[in-house]
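Please keep the sequence and the structure at hand while reading.

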Amino acid sequence: MSSNKQPYQLAVCAEMVFLELPFIERVKKIHQLGFGVEIWDWSNKDIDALIATGAHIASMTGYLEGNLTDDEEIDKFLKTAELSIEVAKKLNCPVLNFHGTGLGERGLPVKPVKIVTGEMWVKAVDTLRKIAQLGEKHNKIFTLENLNLAVDHPDTPFARAADTYTLVKLVNSPYLKMNLDLYHAQIGEGNLIELLRQTKDFIGEIQVADVPGRMEPGTGEINYPAIAKVIRDMGYQGNIGMEAFASGNSEVALQSFKQAFYA
């Protein structure tokens, strides 16, 4: 979605709105309303049908399995990241998103971690350097998303925005950025405006939903118009993705999202 006033683009996660429609119809609807589209697992999607919608696929999941710290799992992670890049090329999708570990049913980690050790940090940085090199080779940006431990993703390693910021900063590559999810950050850390200002040089995507409930902006405690002003002042030019459920009618929810960021 374009705007004469705003430097960023708005996108909407097709996995969470217009749930009464088949997936491709959701993508068409989001596109018709003027937004970019974000998708999760591409392996269960009809890629040709997605292309045929003409929608701008702004972001997609950039791996299928694996994690950042276990040798066998690292191999799976890197191999499925390569497969994801080939799909991203077909979809002309610039951003591939991933997490600190593979997520399974209900968003729970496939391999839960109670304590992240120093050795795990070292392994993660090494793995992320390889991911950045893969992104550079194919001119794609990978983004590492922060998650929350308290509500949605307990026992996920490297979940906090402070963790993803540290990892991305250590790798220091334009092909590895943060996906700063403000919904997760509000639950886990708060202080969102200062967090945005601190991490601005390392952000490749911003995702939003309100707290509590993970629904569209305006349904909870986050002052998204104030957040939008800070993002504009930062000069951020990437995607802002609504990764949220609709509190009622999906089209109305998307309008609320637009008003929060384009008012």
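A disulfide is taken here to be a pair of cysteine sulfur atoms within 2.5 Å. The model under discussion is a predicted one, and a search of the whole structure with that cut-off finds zero disulfides. For Cys13, the closest cysteine sulfur is that of Cys93, and because the two are 12 Å apart, the separation is too far for a bond. Seen from Cys93, the closest cysteine sulfur is likewise that of Cys13, again at 12 Å. Cys13 is buried, with a relative accessible area of 1%, and Cys93 is buried as well, at 0%.

**Helix α4**

Helix α4 covers residues 118-138, and its 21 residues should span 30 Å at 1.5 Å a residue; the C-alpha atoms at its ends are 31 Å apart, which agrees with that expectation. The buried residues of the helix are Met120, Ala124, Val125, Thr127, Leu128, Ile131, Ala132, Leu134, Gly135 and His138.

When residues up to four places away in sequence are not counted, Thr127 touches Leu68, Ile74, Phe77 and Leu78.

**Backbone features in the loops**

Just after α4, Asn139 takes a positive phi of about 55°. Phe158, in the loop between β5 and α5, also has a positive phi, near 55°, although it is a residue other than glycine. Asn172, which is not a glycine either, has a positive phi of about 55° and is placed in the loop between α5 and β6. The loop between β7 and α8 holds Pro212, and the peptide bond leading from Val211 to Pro212 is cis, with omega near -5°. Gly213 is found in that loop between β7 (203-208) and α8 (224-234), while Ala226 is found in helix α8.

| Residue | Relative accessible area | Class |
|---|---|---|
| Phe158 | 2% | buried |
| Asn172 | 57% | exposed |
| Gly213 | 46% | partly exposed |
| Ala226 | 27% | partly exposed |

Gly213 and Asn44 are 169 residues apart along the chain, and their C-alpha atoms are separated by 27 Å. For Ala226 and Ala260, which are 34 residues apart along the chain, the C-alpha separation is 8.7 Å.

**The largest pocket**

How much space lies in the largest pocket? The volume is about 600 Å³. Its lining is made up of 29 residues, of which Trp40, Thr61, His99, Leu103 and Gly107 are the closest to the centre of the pocket. The elements that give two or more residues to this lining are the strands β2 (36-39) and β3 (57-61) and the helix α6 (182-188). The largest share, three residues, comes from β3. By class, the lining of the largest pocket has 10 nonpolar, 11 polar and eight charged residues.

Methods. Residues numbered from 1 in each chain as written. Predicted model: local features only at pLDDT ≥ 70, side-chain atom pairs only at ≥ 80, totals over all residues. Heavy atoms only, no water. Helix = DSSP H or I, 4+ residues; strand = E, 2+ residues; numbered from the N terminus. Expected span 1.5 Å × (residues − 1). Buried < 20%, exposed > 50% of the residue type's maximum accessible area, 1.4 Å probe, protein only. 1 Å grid on protein atoms, 1.4 Å probe; cavity = no way out; pocket = protein on both sides within 12 Å on 5 of 7 lines; lining within 4 Å. Points joined across faces, edges and corners; volume = space filled by probe spheres on them. Nonpolar A, V, L, I, M, F, W, Y, C, P; charged D, E, K, R; others polar. Contact = heavy atoms within 4.5 Å.
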